[in-house]
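I set out below what I looked up in this structure, entry by entry. The sequence and the coordinates come before the notes.

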Amino acid sequence: MAALLVLGVPLLILLAALAPATVIAGAQPVISDDTEACLDCHSMTTSGIYWDWKHSRHAQSSLSAALTYPELSRRVSIKAAPAGMDSIAIGCAECHTLNANEHGDTFEHNGYNIHVVVTPRDCSTCHPEEVVQYAGNIMSNAHSNLVDNSLYQMLQSSINGVQHFIGDTITTDPQDELTDAESCLYCHGTVVSAVEMEERDTAFGEMSFPVLQGWPNQGVGRVNPDGSLGACTACHTRHQFSIEMARKPATCAECHKGPDVPASKVYEVSKHGNLYYSMQDKWSFDSVPWIPGRDFIAPTCATCHVSLLATEDGDVVAERTHRMNDRLAWRLLGVPYAHPHPISANTSIIQNKAGLPLPTELTGEPVDAFLIRAEDMRERAARMKGICAPCHAAGWTDSHFARLDKAIETTNAMTLSATEILLAAWSGGYAKGPAQSGNPFDEAIEKMWTEQWLFYANSIRFASAMGGADYGTFANGRWALSKNLREMHDWLMLRSGE
Amino acid sequence: MAALLVLGVPLLILLAALAPATVIAGAQPVISDDTEACLDCHSMTTSGIYWDWKHSRHAQSSLSAALTYPELSRRVSIKAAPAGMDSIAIGCAECHTLNANEHGDTFEHNGYNIHVVVTPRDCSTCHPEEVVQYAGNIMSNAHSNLVDNSLYQMLQSSINGVQHFIGDTITTDPQDELTDAESCLYCHGTVVSAVEMEERDTAFGEMSFPVLQGWPNQGVGRVNPDGSLGACTACHTRHQFSIEMARKPATCAECHKGPDVPASKVYEVSKHGNLYYSMQDKWSFDSVPWIPGRDFIAPTCATCHVSLLATEDGDVVAERTHRMNDRLAWRLLGVPYAHPHPISANTSIIQNKAGLPLPTELTGEPVDAFLIRAEDMRERAARMKGICAPCHAAGWTDSHFARLDKAIETTNAMTLSATEILLAAWSGGYAKGPAQSGNPFDEAIEKMWTEQWLFYANSIRFASAMGGADYGTFANGRWALSKNLREMHDWLMLRSGE
Amino acid sequence: MAALLVLGVPLLILLAALAPATVIAGAQPVISDDTEACLDCHSMTTSGIYWDWKHSRHAQSSLSAALTYPELSRRVSIKAAPAGMDSIAIGCAECHTLNANEHGDTFEHNGYNIHVVVTPRDCSTCHPEEVVQYAGNIMSNAHSNLVDNSLYQMLQSSINGVQHFIGDTITTDPQDELTDAESCLYCHGTVVSAVEMEERDTAFGEMSFPVLQGWPNQGVGRVNPDGSLGACTACHTRHQFSIEMARKPATCAECHKGPDVPASKVYEVSKHGNLYYSMQDKWSFDSVPWIPGRDFIAPTCATCHVSLLATEDGDVVAERTHRMNDRLAWRLLGVPYAHPHPISANTSIIQNKAGLPLPTELTGEPVDAFLIRAEDMRERAARMKGICAPCHAAGWTDSHFARLDKAIETTNAMTLSATEILLAAWSGGYAKGPAQSGNPFDEAIEKMWTEQWLFYANSIRFASAMGGADYGTFANGRWALSKNLREMHDWLMLRSGE
């Protein structure tokens, strides 16, 4: 052993540090006969999926092993394994044959009733708390929040509909399903349904498979063939379903990077992002609970919005939540004015005094009946500040969030100014708003107005909330906000002859 | 050994996992006398290059060792080593003295005839198949495809020429060589030639070196001093020439990240990119063949467009190709309309019915004579779909590509609408097109038109092809496409007084 | 030992390669009684900070150990440890009680006089050379360079002031302190001062803390409560203060990624960035001195602008400097025209012939009295070229920088053209410039002019300097520069009726 210690570092410590994350405590699980039957073909025909699953905790652990962990360290939220499932690996058959009767996409496949689309309802077999929490998340309703809101539908058609220049006029076709599915609904979620069966040639001869409409899709508000909402695979990508991946910012960036939701870009230029991108190779992304300082020295998206955090002594810093607005007092994005968070995950029920499906009036005044109260806002803000506490004194944190309050106030004011110019354009006859039976999003001046809040005001609020100054300044920030307002003014003055 | 097993992981397995990628099977190569002579000085004067090379497979293996690998695992495509080269390392002299007579940049240097610019023709000594394939790649002709196309030359001069405001008019100087070399030709490739010799002071006294015009450059279509086209170092950066680097997306991003070719940005917000950026530290980028699932769980650029893929059992999933359009049915970028891929790597030969050097008419109609036929398109599409198969069922893949077909159709239609507005601007006398002896790219309305296809339509097609929804929606996607069209319309209406 | 050698790689070499960066030579340091007293509570109440510090060299080494290193390998620049500090860890008390009398934010806390804001003056106790160098850095004066320049103040108020649309006119409120702090001053630095004491409930009962105005902030030009300028934590983030982090590009990107200073984006598409993002997991970021080729094969920001570089034999390639313009002949950004670097770190003293606080006239002519001379420029350029030398022959390097000279010339010319259009707009009465008592940055045409130099000309110069062609071409490069000029011209022609 002498040689092994010459560096002063015992070999075992080194080896422990090197043990792959996938070496999991507890007995090796048994692969069920049903899953073995799947693997007989699929380890070859879909070898990529097979390998991916092999790297997963599902393949390497079992419920009985999972339930030996202390409660704070568990990744399942059931208290006991369902009958027959305690010692087996969670393999193909365990998920793809669950709740077969409820699945509109169930089909017979080599003697098994299987479905392609595994849903939150299926996952709730072992992860019920997460699924219940997620249902309270505004994201779970992302599909209907978009398609059942008449204003958003006008916005969507003005973007996705093909436009023609005929005579001197632009006409817009209705948007089509394939385009919607790969743009707005990629993130918001499609409606997935089995419309018919088709025969396909396979390596094992001709076989029948359902034709799925709205497929593929992993949007957060996907409407599933069993009626459930959402796709756990949006963040816990199949077939590793890894907590590590869900905790890394590239996962959220899939939908939260564009100018309408620049969270990922803001993070990239924040001090937290700087730490992550520079030092993350030394961090642990697999520990449950997640210990600030020991496991990581700067938060990722999940840290602040989702994860169970605790100290090394087991004191809980923040409870795990998949109802991600539990820690958010304000809703910063997607509508003209920032406002207190909606009460219901279903925002398509919201209506303002003017009859518009908006949580504020066009002046910015919040529609109180649908929004959380000041007390709820304080509670949520306190939860978020609790997450700052391991690394930041209260004075630091309070001052940080005072700046966010100011950013909300000033960006709302700049949205109001843009709205007033738009109203002047409509009333001056230079563009057609709803009162003139026009789509409020399709003309040049309307698109400038839309960018004022959908891109620039949002960007500034995110930059403030997450400390990414660039996106509050020159990168789609206050520079763009003020420039766009002046261009709108310039546009109006040219036409009104002032 | 007991202690070495306490974690249940035999030490040797751990060590094997840890062995650096650069420990290569086979006998240690011999460094040739010529290369030793180079290293005598250059290990000091260019120590960075020396170290980089030391980390390379060229320094650590030999052709005889390389040829002991089974064919599917080889990185060289010759069947036997050239005389005298079988057991030596591939060092300075082996490449920089090759084919001396064909190199216009050859010069006498301490008794050796060496050249600075190592070319695909030099590399083909050991990698002939790759060089032949690459010559069929549209990228190998990137220089002449740009500079021998009269339309592109007008575009280039409207971008790179210095403009002056004199009287009320803008005049444009011809673009200069230094500017072209660091902008368009950085990626497209310069013409590199030795124009004269110059004396320079060095650590070893005064010495003569050639002055190279168009140097430095590593563009994919570089015109080399030996007449060959391309630069292997564009992707396999000197002096490690690593397959790992070429397989990582940052390599392609060097030229494929801007708004004209946003492949890298699209990848960043795709599910594939999400997996790469979150999990790649657990993947292998050095295996040949590359095994989906075992070596990686999501493709990089190289996976879909270049690499040799196989299953663990040695079944080939995709043949290696450096003729990268082998798997591409459509050409999505760089011209107003997406169209079937050109037949020839030399696109400067293409001419449409109107006499323009374009693969479609201004209406979008493809110029069939220069483009691959439907059958070829189906073959290439099938090759690409084969790469999806290890991880995606046929229904998934077919639906994905049906969306791409739709995106091509709708973005072509939106380009046509923009083109019709531009034609109206020209015919109305609000701008000067080719019929008025104007550069069709230099005025404000023309630049808006150019962005319609060069930035936004492209971006949407890439987003569709690679599943990066953001770039098909708000980030230079359909939002920008529709906004730009309305701004063009607005511009025209203001001037035409409608 | 036989088994340990079967791969041909001695175990000890492998282990050496694996030894964590944090295993530091020398005796384990003693934690001082004062720091122990801090840790009694703070290892719990701010456990994240505690862990972060535990990972630092400050916690794991001592000055006596640090001073055993050969001079070239040292990270401290004192020659001997201050009395009583030689064998202790640098913990909480060592920094937060230093120079208590000079700190306006000092307060009594459990028997200690501590301050929250540790400053460069505090750090200079052990790192005096770095602090002196940094004071010569233009960044150390970033606060006053912004707020004491009347032109920049007009720019800042036109961006950050809330604007209202009243009647047909836009009015602008003065910008507020909270907005400035999270936008411009996030990077430039706030003035931090203790304004009063407040009581707060803590886990240990009610306690008094100072209320800090301008806090939190880690801007490079922060004006500290002890009168010193800057924040070492801008790059060496608390509480690891790691050299590794400062050497990685994400650190500089926190302030140098937006369109006004796109250095990080340019790097991402450069060959150097390509190498970094593809291969950096094999590099060493912790070695002092830093050895090109052995430790890394492509430079990061720090390599070219800050770090001490040497060959393995100890020959110095570049001296360490925290006066980062030591290697920069030109100033490329932030003002309309690129120009020789200013002599003084304080640029608010500069005045041109027209009386404007600018280093050039509006024509681009440099104001020589405030700028370094040609000889200084040559010296600085030579220093930079010396850093290229380990990997690039002199011909390569000279040609690279000849292109930068050209880019400076052409972008300055394109700025002049835009300036002439703006002057025509002012003289034509279409906008109000300084001669009409207007803010030169607040109207639409003025904002277009500002983007010409603040975004596009800058971007091209950075792209040229660092070899990131995309940002010199389509991504805010020459495409945007030429398009913007044509839009300015279009704007003017429409109004002047030409």
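I took helices (H or I, at least four residues) and strands (E, at least two) as DSSP runs, numbered from the N terminus. I worked on a predicted model, in which local features need pLDDT of at least 70, side-chain atom pairs count only at pLDDT 80 or more, and totals for chains, interfaces and linings use all residues. Residues are numbered from 1 along each chain as its sequence is written, chains are lettered from A and ligands numbered from 1 in the order in which they are written, and side-chain values use heavy atoms, with hydrogens and water left out.

Entry: Arg331(B).
I located Arg331(B) in strand E9 of chain B, residues 330–331. Is Arg331(B) buried or exposed? Arg331(B) counts as buried at 12% relative accessibility; buried means under 20% relative accessible area, exposed over 50%, and partly exposed in between (1.4 Å probe, protein chains only). I then listed the contacts of Arg331(B), where contact means heavy atoms within 4.5 Å. Neighbours within four places in sequence aside, the partners of Arg331(B) include Ile138(B), Tyr152(B), His339(B), His341(B) and Pro359(B). Asn458(B) is 127 residues away from Arg331(B) along the chain, and their C-alpha atoms are separated by 9.9 Å.

Entry: His239(A).
I found His239(A) in the loop of chain A between strand E6 (205–213) and helix H13 (243–247). His239(A) is buried, its relative accessible area being 15%. Which residues does His239(A) touch, not counting those up to four places away in sequence? They are Ile49(A), Asp52(A), Trp53(A), Ser56(A) and His96(A).

Entry: Gly258(A).
The loop between helix H14 (249–253) and helix H15 (263–268) of chain A holds Gly258(A). Gly258(A) counts as buried, with 2% relative accessibility. From Gly258(A) to Ala181(A) I read 77 residues in sequence and 17 Å in space, C-alpha to C-alpha.

Entry: chain A as a whole.
I counted 21 helices and ten strands in chain A. Its radius of gyration is 26 Å, close to the 23 Å that the globule rule gives for 498 residues, so chain A is as compact as a globular protein of that length. The radius is taken over C-alpha atoms, and the rule is 2.2 Å times the number of residues to the power 0.38. The C-alpha trace of chain A spans about 85 × 60 × 40 Å along its principal axes. Buried residues make up 58% of the 498 in chain A. For contacts in chain A between residues at least 6 apart in sequence, 57% join residues at least 24 apart.

Entry: relation of the copies.
I superposed copies by least squares on the C-alpha atoms of residues with pLDDT of at least 70 in both. Why do I note that the copies meet through different surfaces? Only 6% of the interface residues of chain A are also interface residues in chain B. Chain C is superposed on chain B by a rotation of 120° with 0.0 Å of shift along its axis, at RMSD 0.0 Å. In chain C, the C-alpha of Asp281(C) is nearest the axis, 4.9 Å from it.
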